[in-house]
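Subject: Structure for your files

Hello,

Please find the structure we talked about below.

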Amino acid sequence: MDENGLHEQLRRLQTDKVGSQHALHKPLLLLWLFGRYLDERSAATTFEAAEDPLEQLIDRFSPRRVPAAQAFWQLERTLWTPTQEDGTPIDDNIPRSAKWLRDNGARGGLRPEVVDVLDEPRGVFLAADVLYEYFDSSVVSALRSEVRLVPPVFLRSTALKREAPSTTTTKLPQPSRTKRREVPIEFERAVRSAVFKWLEDLTAQNGGPIPFAQMANFIFDGTRIPVLNPQSGIHKPAKLDSALSIKTVYRRPTEERPYEDELDESGRILRYKYRGKDPLHSDNVALRNAMERKLPLFWLKGVDPNANYEAHFPLWLTAERPEQHLFEVSFQGPPKS
């Protein structure tokens with residue numbers, strides 16, 4: 001599935017209609033899932049975690065009231081796979097109540113081919129733009145904020161305006177087969193040293209946590225280098241070979257976090273989860289590169305729902321735990337040889 005294919009499927013969701021009113025439970029579930037994926041590096045959820053926030057979205061943004069449970073088992077299977085706790089698929093032709101879904105440990109996840117498109121540059125925001133077409137324009141701004149899909153400043157451009165998919169086939173450029181030269185370790189270190197000083201200044205200017213939007217404008221040697229990725233908790237700038245930053249978003253105490261990045265009992269080791277479970281995912285490889293080259297990085301920890309982050313630095317990756325799908329990150333220094 002490519003971007004146009006996903007967008008076409010999003011435009012053709014089956015939405016129940018009574019008179020002139022549509023039930024928009026499916027677009028709302030997808031928007032909630034996209035926002036969760038952007039925040040949590042996970043395309044899956046349990047019904048128990050989704051029920052309350054989805055009910056609130058339906059109450060506020062759907063012209064016609066439909067229970068959250070209906071979205072969970074009705075959403076098109078080309079986009080999403082719902083199952084019982086034991087992995088048995090949930091039939092989309094048999095009505096399932098919220099109680100049935102809770103009692104059977106219902107869970108679901110976006111299909112891998114959907115996630116692949118969301119992972120493209122601006123992919124999640126462009127897909128969300130298609131879903132906003134189901135809603136009155138007067139509520140889109142509030143909806144975008146509610147599902148946490150507000151593009152950061154450096155992504156707000158005319159490129160985010162949606163157009164109908166092209167009917168012509170464009171040949172994509174093929175990647176170069178020439179092996180890329182390794183970025184010199186001196187350059188990696190120089191960028192990191194400058195980033196840490198910049199974050200120190202931003203923290204001082206704000207008297208504490210830094211608004212996310214302020215971290216979009218880091219300049220090194222006359223060139224802007226993005227220091228974080230709004231679509232991922234792990235970020236490796238294109239000019240570097242190793243991860244530069246990791247991020248843990250804020251969650252209210254009542255909200256479940258499928259990827260729990262946590263400190264150990266000593267408070268000196270952060271257990272930071274993989275992107276997904278594939279150790280060869282490019283984000284996980286970027287972290288491994290930083291560990292092997294003993295390069296420091298910084299950790300952004302969300303402290304409130306207004307996208308303010310504490311910046312912790314320098315940190316070093318000291319161990320990888322593949323069986324737990326995580327890295328251990330230390331505040332004490334690089335791993336010993």
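**A charged group out of reach of solvent**

R192 has a relative accessible area of 1%, so it counts as buried. Please keep in mind throughout that this is a predicted model. The partner of R192 is E188, and the closest N and O atoms of this salt bridge are 2.7 Å apart. E188 is buried as well, with a relative accessible area of 0%. Both residues sit in helix α9 (residues 185–206), four residues apart, which is about one turn of the helix. In general, an α-helix has 3.6 residues a turn, so residues three or four places apart point the same way.

E188 has a second salt bridge, to R293, at 3.5 Å from N to O. This pair joins distant parts of the chain: E188 belongs to helix α9, while R293 is in the loop between α10 and β13, 105 residues apart. E188 and R293 are both buried.

Just after α10, K294 has a positive phi of about 55°.

**Other salt bridges**

The count of salt bridges comes to 15. One of them is between the side chains of R65 and D59, at 2.5 Å from N to O. R65 is partly exposed, at 43% relative accessibility, and D59 is exposed, at 51%.

**The chain as a whole**

The chain has 10 helices and 15 strands. Of its 337 residues, 47% are buried. Among contacts with a separation of 6 or more, 66% are between residues 24 or more positions apart. The accessible surface is about 17,300 Å², and carbon and sulfur atoms account for 48% of that.

Leaving out residues up to four places away in sequence, L31 touches A128, L131, Y132, F135, L143, V147 and L149. L31 and A128 are 97 residues apart in sequence, yet their C-alpha atoms are 6.4 Å apart in space.

A128 is in α7, along with the buried residues L131 and Y132. How many residues of α7 are buried? The count is 10 of the 10, so α7 is largely enclosed by the rest of the structure.

**A three-stranded sheet**

Three strands make an open, antiparallel sheet in the order β3-β5-β4. β3 (44–46) and β4 (80–83) are at the edges with a single partner strand each, so one side of each has no neighbour in the sheet. On average, neighbouring strands here are turned by 15° against each other, direction ignored.

β3 pairs with β5 (residues 107–110) over three bridges, and β4 pairs with β5 over four. Which residue of β5 is the bridge partner of T46? It is R107, and R107 is also the bridge partner of T83. Helix α3 lies across β3 and β5, at about 85° to β3.

T83 is found in strand β4 and counts as buried at 14% relative accessibility, because the cut-off for buried is under 20%. Leaving aside neighbours within four places in sequence, T83 is in contact with T88, P89, I90, G105, A106 and R107.

Regards

Conventions: Residues are numbered from 1 along each chain as its sequence is written. This is a predicted model: local features need pLDDT of at least 70, side-chain atom pairs count only at pLDDT 80 or more; totals for chains, interfaces and linings use all residues. Side-chain values use heavy atoms; hydrogens and water are left out. Helices (H or I, at least four residues) and strands (E, at least two) are DSSP runs, numbered from the N terminus. Buried means under 20% relative accessible area, exposed over 50%, partly exposed in between (1.4 Å probe, protein chains only). Contact means heavy atoms within 4.5 Å. Accessible areas come from the Shrake-Rupley method with a 1.4 Å probe; for residues, only the protein chains shown count as cover. Two strands pair if DSSP finds at least two bridges between them. Axes are lines fitted to C-alpha atoms, for helices over the stretch in contact, and angles run from 0 to 180 degrees between N-to-C directions. A salt bridge is a side-chain nitrogen of Lys or Arg within 4 Å of a carboxyl oxygen of Asp or Glu.
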